[in-house]
Each structure stands twice: as C-alpha cells, then as structure tokens.
Amino acid sequence: LVALAQRQADEIVQVASRALRREEGRTVRHATQELVGSLLEHYARNRPLQVALAQEGQMHERLEVLREAQGRVQQLLHHFIADQGLPIRRERAELAAFLLIRAIQAAAWLAVVERPELVQTPELLEELTSMVLGYVQAPA
C-alpha cells in the first residue's frame, strides 16, 4: 500500500505542476479548471486505490508520502497565487494554498469514492472551479 501511495503522491505533484505552470496568456480560470479536472481524472483513474484507502479508515492521511505530496502541491499553489497577484494578502497566500488544495483534493477524492458517477461530469468540474475562483478572486 505504501508503494502505491508513493506512486500516487508523485503523480499528484506532476498533475499540479502541469496545471499551475506559467504560460503566457493563461487565465487563472483556465489554470484552476486544469488543476481541478486533472485531480478529478487522477483520482478516478485510481479509484480502486482510493476505495482501498477509504476502507483502511482514512489511512491515506497517515501515510507520510501523501502528506509530503500535499505539501509540495501546496507550495506550487502558493507560488501560483502569489505570482498571479490575486486579491489575497501576501501573508495569507500560504494559508489560502493550504485550504484550497485540501478542499480540492477532499472533494475530488470523496466524489471518486462516494459519487463516482459525478467525476466525469462537466458540472462537478465547473462547481469545484467556481468554488476555488470564488475564494481567490475579488468580487466583480
């Protein structure tokens, strides 16, 4: 189980790195949608592992490799938030990244485990994207 968790941790960091890459003309919405969609796809592709982890009483929270991956993804998101000049005070960018990555991962993971029929829907992707954007962007 630990080897599978390590592979999953590495894949999660790769997914986040691709989604949060700097690219000319890329909007925050596009990057957010890519991050959320990629995580949903990743968890759906690894559904048997997600179910196994759930059956182990949320063991994934205790596996250090996954905790380290969350930390790396949090750092990527922190830098993305800071670089985009989003209306979050710089001293709160790290806290915002912590909250956002945990919320995205929890929602994606729970959808895969508890409501797998939602995972491939554009509605779930849009709702999660809107949730994140509602937090990081100033009201219009």
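Reader: Which residues does Gln74 touch, not counting residues up to four places away in sequence?

Author: The model discussed here is predicted. Within it, Gln74 belongs to helix α4. Leaving out residues up to four places away in sequence, the residues that Gln74 touches are Glu94, Ala97, Phe98, Ile101 and Arg102.

Reader: Is Gln74 buried or exposed?

Author: The term buried applies under 20% relative accessible area. Gln74 has a relative accessibility of 13%, so Gln74 counts as buried.

Reader: With which residues is Leu40 in contact, leaving aside its neighbours within four places in sequence?

Author: Once its neighbours within four places in sequence are set aside, Leu40 is in contact with Ala108, Val112, Val119, Leu124, Leu125 and Leu128.

Reader: What is the volume of the largest cavity?

Author: The count of cavities of 30 Å³ or more comes to 1. For the largest cavity, the computed volume is about 60 Å³.

Reader: Which elements give two or more residues to the lining of the largest cavity?

Author: The lining consists of Leu20, Val28, Thr32, Leu35, Leu77, Phe80, Ile81, Leu86, Ile104, Val132 and Val136. The elements that give two or more residues to this lining are α2 (28–45), α4 (64–84) and α6 (122–136).

Reader: How do the residues of this lining divide into nonpolar, polar and charged?

Author: Among the lining residues are Leu20, Val28 and Thr32. Over the whole lining, the division is 10 nonpolar, 1 polar and no charged.

Reader: How many salt bridges are there?

Author: A salt bridge requires a side-chain nitrogen of Lys or Arg within 4 Å of a carboxyl oxygen of Asp or Glu. By this rule, the count of salt bridges is 9.

Reader: How many residues apart are Glu11 and Arg7 in helix α1?

Author: Glu11 and Arg7 form a salt bridge, with their closest N and O atoms 3.6 Å apart. Glu11 is partly exposed, at a relative accessible area of 22%, and Arg7 is partly exposed at 43%. The two residues are separated by about one helical turn, because their spacing in helix α1 is 4 residues.

Reader: What is the N to O distance in the salt bridge of Arg45 and Glu41?

Author: Arg45 and Glu41 both lie in helix α2, about one turn of the helix from each other. Glu41 is partly exposed, with 49% relative accessibility. The side chains of Arg45 and Glu41 meet with an N to O distance of 3.5 Å.

Reader: Which residues do salt bridges that share partners join into one network?

Author: Glu23 forms a salt bridge with Arg21, the closest N and O atoms being 3.0 Å apart. Glu23 has a relative accessible area of 42% and is partly exposed, while Arg21 is partly exposed at 32%. Through salt bridges that share partners, the residues joined into one network are Arg21, Glu23, Arg26 and Glu34.

Technical notes: Residues are numbered from 1 along each chain as its sequence is written. This is a predicted model: local features need pLDDT of at least 70, side-chain atom pairs count only at pLDDT 80 or more; totals for chains, interfaces and linings use all residues. Side-chain values use heavy atoms; hydrogens and water are left out. On a 1 Å grid over the protein atoms alone, a cavity is a set of points where a 1.4 Å probe fits but cannot get out, and a pocket is an open set with protein on both sides within 12 Å along at least five of seven lines; lining residues have an atom within 4 Å of a point. Grid points are joined across faces, edges and corners, and a volume is the space filled by probe spheres set on the points. Ala, Val, Leu, Ile, Met, Phe, Trp, Tyr, Cys and Pro count as nonpolar, Asp, Glu, Lys and Arg as charged, and the others, Gly among them, as polar. Buried means under 20% relative accessible area, exposed over 50%, partly exposed in between (1.4 Å probe, protein chains only). Contact means heavy atoms within 4.5 Å.
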